[in-house]
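I opened a new structure today and kept notes as I went. Here is what I looked up, entry by entry.

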Amino acid sequence: MTSMRVTLTDEQRALKAGVAEICKRYPGEYWRQLDQERAYPEAFVTELTRAGYLGALVPQEYGGVGLGILEGGLILETINACGGNGAACHAQMYIMGTVLRHGSEEQKRRYLPKIATGELRLQAFGVTEPNSGSDTTKLQTTAVRRGDRYVVNGQKIFISRVLQSDLMLLLARTTPVDQVKRRTDGLSVFLFDLRQAQGLEVRPLRMMMNHSTNALFFDNMEIPAESLIGEEGRGFSYIIDGMNAERILVASDSIGDGRWFVEKAVAYSNQRVIFGRPIGANQGVQFPIAKAHMAVEAAELMRNKAAALFDAGQPCGAEANMAKYLAAEAAWDAANACVDCHGGYGFAEEYDVERKFREARLYKTAPVNQNLVTAYIAEHVLGLPRSY
Ligand SMILES: Cc1cc2nc3c(=O)[nH]c(=O)nc-3n(C[C@H](O)[C@H](O)[C@H](O)COP(=O)(O)OP(=O)(O)OC[C@H]3O[C@@H](n4cnc5c(N)ncnc54)[C@H](O)[C@@H]3O)c2cc1C
């Protein structure tokens, strides 16, 4: 039976302390400035990479640290709990899993050691399209084999960190949907070098928060045939395979956000005196904060359960989805409690509350929206009829 610790090991505490030490050098002013300019946290990500944290999940034989998904989650959680934004670098941790599990030995040897050292950045993951959205199998971007190349045509939307990455993992249709048995067939995954891509237009989108997100246009973009990961036509199953890791890591971003909001809310509610006493003495102020704290604690337990199963190679779809859902809700409740107790100051940029509020909101919608997670639990865990 898989066991789950309820406290962290000394090594895990040290890991968090190491990340927190780096985060101290990147305080609120750093993230605020980047937010205003919609600029990428280049210095922070570089330092984190050099210290080995972004190669944490790369196995030792490929030059990484070979830690588990829980440790990956603890790294991201700490970044967000310190007031930063792990979204700048979380994707590499879950994207590289697809290369690790389904890439050829040659691809793994070529890319993983350089990803581990930071020589190559793999932070871009191209799935979402304007006409298919959450219904991934209806995506319309095509990759057609021509000799030793694939020719890619189509569009993607909301693809993050493309301008900051060297490599991109792309999902495209290689067999038309009317020529496959199941619509999940005929999709393929490619790992290609963005720096050499001709025929790719990247149009940055200004979003609610600082997220380096883009619309992509592929116009006869040619990539080498060896960019294909695994077997042609099986890409959807490879992407699905990586989703539990993605859910656990994104839940960790949210747990960190929740911790930050609760800590800020408690500090402010203890020191702000109105009507002759700290506002935190009012149940109307303290109850939402206490409830948010309980929700964050519960989400953390579910994240830890999902991570323990994942690291033991056990099925964890239910737990990973529940962790993502519970953590995103807990962070959002904590965000609202934090804005509320700050009164007008919650809306002032210099407090960072409004920035974190915008950042935390994302995880109710992306990488998968809460409705689809709920539909998964209803259908796959509870055995209710498929709703879509
Ligand atoms: C900042 C940001 C960064 C992103 N980065 C990336 C990235 O790097 N790579 C990438 O591939 N994608 C990325 N995305 C895309 C993201 O994953 C999608 O926005 C998300 O999956 C939802 O797709 P959609 O926006 O097309 O919404 P739609 O699929 O159009 O859905 C809209 C809403 O309808 C509801 N809905 C849809 N279907 C159902 C249903 N069956 N049952 C109940 N409700 C339903 C949901 O509430 C959903 O939020 C990013 C998005 C954002 C906002």
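Is N321 buried or exposed? I found it buried, with a relative accessible area of 3%. For these notes, buried means under 20% relative accessible area, exposed means over 50%, and partly exposed is in between, using a 1.4 Å probe and protein chains only.

**Ground rules.** I am working with a predicted model, where local features need pLDDT of at least 70, side-chain atom pairs count only at pLDDT 80 or more, and totals for chains, interfaces and linings use all residues. I number residues from 1 along each chain as its sequence is written, and side-chain values use heavy atoms, with hydrogens and water left out.

**N321, continued.** I placed N321 in helix α10, residues 317–341. My helices (H or I, at least four residues) and strands (E, at least two) are DSSP runs, numbered from the N terminus. Setting aside neighbours within four places in sequence, I listed R247, V373, Y376 and I377 as the contacts of N321; contact means heavy atoms within 4.5 Å. With R247 there is also a polar contact, side chain to side chain, at 3.1 Å. That term covers a pair of N or O atoms within 3.5 Å; within protein, one must be able to donate a hydrogen and the other to accept it, and residues adjacent in sequence count only if both atoms are side-chain atoms.

**The whole chain.** I stepped back and counted 12 helices and 10 strands in the protein chain. The radius of gyration is 21 Å, close to the 21 Å that the globule rule gives for 388 residues, so the chain is as compact as a globular protein of that length. The radius is taken over C-alpha atoms, and the rule is 2.2 Å times the number of residues to the power 0.38. I noted a C-alpha trace spanning about 80 × 45 × 40 Å along its principal axes. Of the 388 residues, 54% count as buried. Among contacts with a separation of 6 or more, 73% come from residues 24 or more positions apart. The chain exposes about 17,600 Å², and carbon and sulfur atoms supply 52% of that; accessible areas come from the Shrake-Rupley method with a 1.4 Å probe, and for residues only the protein chains shown count as cover.

**Around the ligand.** How many residues surround the ligand? I got 19, and the closest are F125, T128, S134, F158 and S160. T128 puts a polar side-chain atom 2.7 Å from a ligand nitrogen, while a polar backbone atom of F158 is 2.8 Å from a nitrogen atom of the ligand. P367 has a backbone N or O atom 3.3 Å from a ligand oxygen. The protein covers 68% of the 970 Å² of accessible area that the ligand has on its own.

I then sorted the shell: 10 nonpolar, nine polar and no charged residues. Ala, Val, Leu, Ile, Met, Phe, Trp, Tyr, Cys and Pro count as nonpolar, Asp, Glu, Lys and Arg as charged, and the others, Gly among them, as polar. β3 (149–160) and α12 (370–381) each supply at least two shell residues, and β3 gives the largest share, three residues.

The peptide bond from A366 to P367 is cis, with omega near 0°. R38 is not a glycine but has a positive phi of about 50°; I found R38 in the loop between α2 and α3, partly exposed at 24% relative accessible area. D352, also not a glycine, has a positive phi of about 70°. D352 sits in the loop between α10 and α11 and is buried, at 7%.

**Helix α2.** Which residues of α2 (28–37) are buried? My list is G28, Y30, W31, R32, L34 and D35. The buried residues of α2 pack against α3 (42–50) and α11 (353–361).

**Two last look-ups.** L8 is in the segment before α1 (10–24) and buried at 17%. Beyond four places in sequence, L8 contacts R13, K16 and L74. N304, in helix α9 (283–311), is buried at 11% relative accessibility and touches M4 and L70, not counting residues up to four places away.

Key
A residue is near a molecule or strand if one of its heavy atoms lies within 4 Å of it.
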